[in-house]
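Take a walk through this model with the sequence at hand.

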Amino acid sequence: MKQAATGALLGLAFGDAMGFPTEFNDMARIEAKCGPWRSMPLPLSSGRAYVTDDTQMTLALGEGLVQALSDGPLTAERMVPPVRAAFVDWCFSPENDRAPGTTCLRACEALSVGGAWEDASMIGSKGCGANMRVAPLGLVPGLDARQRSGAAQLQAALTHGHPTALAASDLTAEAVWLLAQGAQPDELVPALRAHARGSRDSYRAEWLGDLAARAHDAEPAAFAARGWDECLTALDRLEAALADPDPEADPCLATGAGWVAEEALATGLYCFLLLSGEPQAVVRRAACSSGDSDSIAALAGAFAGAHHGAGAWPEEWVRDIEYRERLLALGKAWDI
């Protein structure tokens with residue numbers, strides 16, 4: 001069995017762990033620290049490969065979704081309480097010491113005081129914290145397209161309320177789902193472009209409530225379109241880069257540094273599509289990048305793992321990764 005869920009969750013964690021020591025470094029410092037990118041090891045400290053808030057928040061979302069789904073089909077009403085609680089628990093955990101993003105911290109602190117979740121959302125932020133953690137929504141079995149799209153946007157909106165953060169998270173979940181279902185790499189960008197165009201005028205009020213009213217767009221559909229248009233521009237840049245690819249160059253030069261959601265998606269996809277037949281090379285290439293290396297590599301690893309399945313990853317990597325038991329438990333729950 002392919003075990004796409006296990007493969008994607010492990011791939012995300014491996015990319016995150018590889019990118020942890022390279023984030024905020026330029027290419028010369030990364031090579032001095034880690035050696036040539038094609039032979040970068042999984043970094044260990046006291047026998048453990050430590051991850052960042054990217055994996056921690058992915059687990060929080062995934063475990064919150066398991067709880068939400070225990071009460072029936074996924075809806076916003078069932079999803080918000082357990083996912084909100086899981087994000088708040090992450091925020092105040094003593095293990096939340098991996099340089100987490102400011103937006104996630106501020107929003108989760110606001111979520112902790114109660115009230116409508118929309119009041120906590122950072123409406124101006126489209127940071128990659130929105131989509132670094134969304135992979136579980138491409139892996140949960142049985143969701144229809146509207147559920148997957150709405151829930152992906154909602155989990156982003158709990159912290160990052162900018163429409164581009166919502167759209168990029170939706171596309172990230174869609175990419176993971178397509179690959180887990182057997183889509184081939186050369187089919188991926190056209191499918192994502194079609195999804196973005198088909199979603200451009202839709203504001204998912206049943207999932208997002210009155211979030212759009214907190215922005216300054218003329219109407220909710222205009223709010224949504226603004227995010228999808230930025231993501232379509234990022235896909236344009238991705239396609240241009242793939243027309244003249246250079247696996248030896250810093251991927252951030254091709255598709256962006258990844259600090260914002262649409263660039264994290266594009267650069268994670270670029271690293272995956274450059275080397276789609278070599279999953280371990282995918283996470284190494286993504287981690288050896290000058291931008292938000294852990295988030296880029298986490299996304300690239302999730303794509304590679306969804307495509308290849310659990311067998312893509314070395315046994316010693318699985319043995320050494322932090323949160324191994326939680327990652328494997330989520331994967332087992334969703335592998336079909």
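Is Cys128 buried or exposed? Cys128 is buried, at a relative accessible area of 6%. Here buried means under 20% relative accessible area, exposed over 50%, and partly exposed in between (1.4 Å probe, protein chains only).

A word on the source. This is a predicted model, in which local features need pLDDT of at least 70 and side-chain atom pairs count only at pLDDT 80 or more, while totals for chains, interfaces and linings use all residues. Residues are numbered from 1 along each chain as its sequence is written, and side-chain values use heavy atoms, with hydrogens and water left out.

Back to the cysteines. The structure holds 0 disulfides, a disulfide being a pair of cysteine sulfur atoms within 2.5 Å. Cys128 is in none; its nearest cysteine sulfur belongs to Cys104, 8.5 Å away. Cys91 counts as buried, at 9% relative accessibility.

Now the rings. There are 6 aromatic pairs. Rings of Phe, Tyr and Trp (its six-membered ring) pair if their centres lie within 6.5 Å; planes under 30 degrees apart are stacked, over 60 edge-to-face, and the rest tilted. Phe272 and Phe303 have ring centres 6.4 Å apart and planes at 55°, so this pair is tilted. Phe272 sits in helix α13 (residues 261–274) and Phe303 in helix α15 (residues 293–308), so the pair ties together parts 31 residues apart in sequence. Helices (H or I, at least four residues) are DSSP runs, numbered from the N terminus. Phe272 is buried at 0%, and Phe303 is buried at 0%.

Trp313 and Trp317 form a stacked pair, 6.3 Å centre to centre with 20° between planes. Both are buried. Ring pairs link Phe14, Trp313 and Trp317 into a cluster.

Last, the largest pocket. Its space is about 290 Å³. A pocket is an open set of points on a 1 Å grid over the protein atoms alone, where a 1.4 Å probe fits, with protein on both sides within 12 Å along at least five of seven lines; lining residues have an atom within 4 Å of a point. The volume is the space filled by probe spheres set on the points, which are joined across faces, edges and corners. Of the 21 lining residues, the closest to the pocket centre are Gly101, Cys128, Gly129, Trp259 and Asp292. Helix α5 gives the largest share of the lining, 3 residues.

How values were computed. Helix = DSSP H or I, 4+ residues; strand = E, 2+ residues; numbered from the N terminus.
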